[in-house]
Amino acid sequence: MKIFNYLFAILFCLALVGCSSSNATGSDDGNMGTDDDGSTPSNTWLIPSDQVRDGGPGKDGIPSIDNPMFTNAASVHFLSDDELIVGIKQGDVVKAYPHYVIDWHEIVNDDVNGTNMTVSYCPLTGTAFAWESLADSSFTTFGVSGLLYNSNLILYDRQTDSNWSQILQQCVNGELIGDTPEKIMVVETNWGTWKDAYPNSLVLNSNTGFSKPYGTYPYGPYKTSHDFFLFVPEILNPALPNKQRVFALMANNQSRVYKFSDFNNGNVLRENFFNKNFLIVGDENLIVAFELNASNSNLTFTYDFQNSEAFFKDNEGSKWNMFGEAIEGPREGQKLTPANSVTSMWFAIAAFFPNPTIYQE
């Protein structure tokens, strides 16, 4: 199977050369302009259009999952404990989207506890986000545009055909240029951690209506070879290995990066960054971050994952889950504000946020 993956990656690269691997049409500097009627030209981008690449498969060539099917966690036998999943919790409904499946689809349009949302995962940057499935205040679904910026997924909405940068979490081209989606917190961790925390979770299965070699990675040695790129980004920062998995806070075109090795066996950090107070909690399998405010900044938090939903606790006796919800104690029912953050391959953070600071113990 490894040989299959490697051959697939080589054939994919050759296809990219033979396909229209041209840049996106439009202004190279990404500056916005207006047509005579005051509208934004369709070839205007918020990002440098000469760095927007045609990925090869074309629009919807990587098909989104629009009718996801799920299996109860207790009946899941297709995942090993160390396989990665993207997790979402809305009220009492929890769902896991395994890399096992979404490596091949990148986008899942789903309804989670009455909220229409789009879950996206880019296997070339290792980044996952979720946002409400709205375009210009109307319900829509999102698909894979076939375009990439800094190797990262560009989605398009099926309401207006506008293009959205996944990592920037913004519409960067089209009718809705400049719009930002209503974000929904996701976590990325391994299946073992997730099923211990949420044994009643629903899990996206491979009953997608498509025939794919689920459980194999589509791009061969890409995610483990630090020098292998399908599309080399404009910036490569040698401070860390290119494909190293890191956790990043993002704001004001800046980023602060945390290595998973800094959280071995559990760790809690308090950081002042972007003129805000942040709580970062994690271990070698999961890192999450929250903004603190006047009502909770005086609390002292400690890591407290004991293979159940509680992930950390405070000095008042409240226990909190990985989504920042107090599930036990005097603050039960309260919720911390999720930080704008993501788990990513290092190179992608360095490309989107040049010269990010790296936490040092």
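Two strands are taken to pair if DSSP finds at least two bridges between them. In this predicted model, β5 and strand β6 (residues 115-122) run antiparallel and are joined by six bridges. Within this pairing, Ile107 stands opposite Ser120 in β6. Both strands belong to an open sheet of four strands, in which the order is β5-β6-β7-β14 and the pairing is antiparallel. The edges of the sheet are formed by β5 (107-112) and β14 (183-184), each of which pairs on one side only.

Rolling a probe the size of a water molecule over the atoms shows where empty space is left. Two cavities of 30 Å³ or more are present in the structure.

The largest cavity has a volume of about 140 Å³ and a lining of 16 residues. Gly55, Pro57, Ile62, Glu106 and Leu148 are the lining residues that lie nearest its centre. At least two residues of this lining are supplied by each of β10 (142-149) and β11 (152-157), and β10 provides the largest share, four residues.

Five of the residues lining the second largest cavity are nonpolar, three are polar and two are charged.

Methods
Residues numbered from 1 in each chain as written. Predicted model: local features only at pLDDT ≥ 70, side-chain atom pairs only at ≥ 80, totals over all residues. Heavy atoms only, no water. 1 Å grid on protein atoms, 1.4 Å probe; cavity = no way out; pocket = protein on both sides within 12 Å on 5 of 7 lines; lining within 4 Å. Points joined across faces, edges and corners; volume = space filled by probe spheres on them. Nonpolar A, V, L, I, M, F, W, Y, C, P; charged D, E, K, R; others polar.
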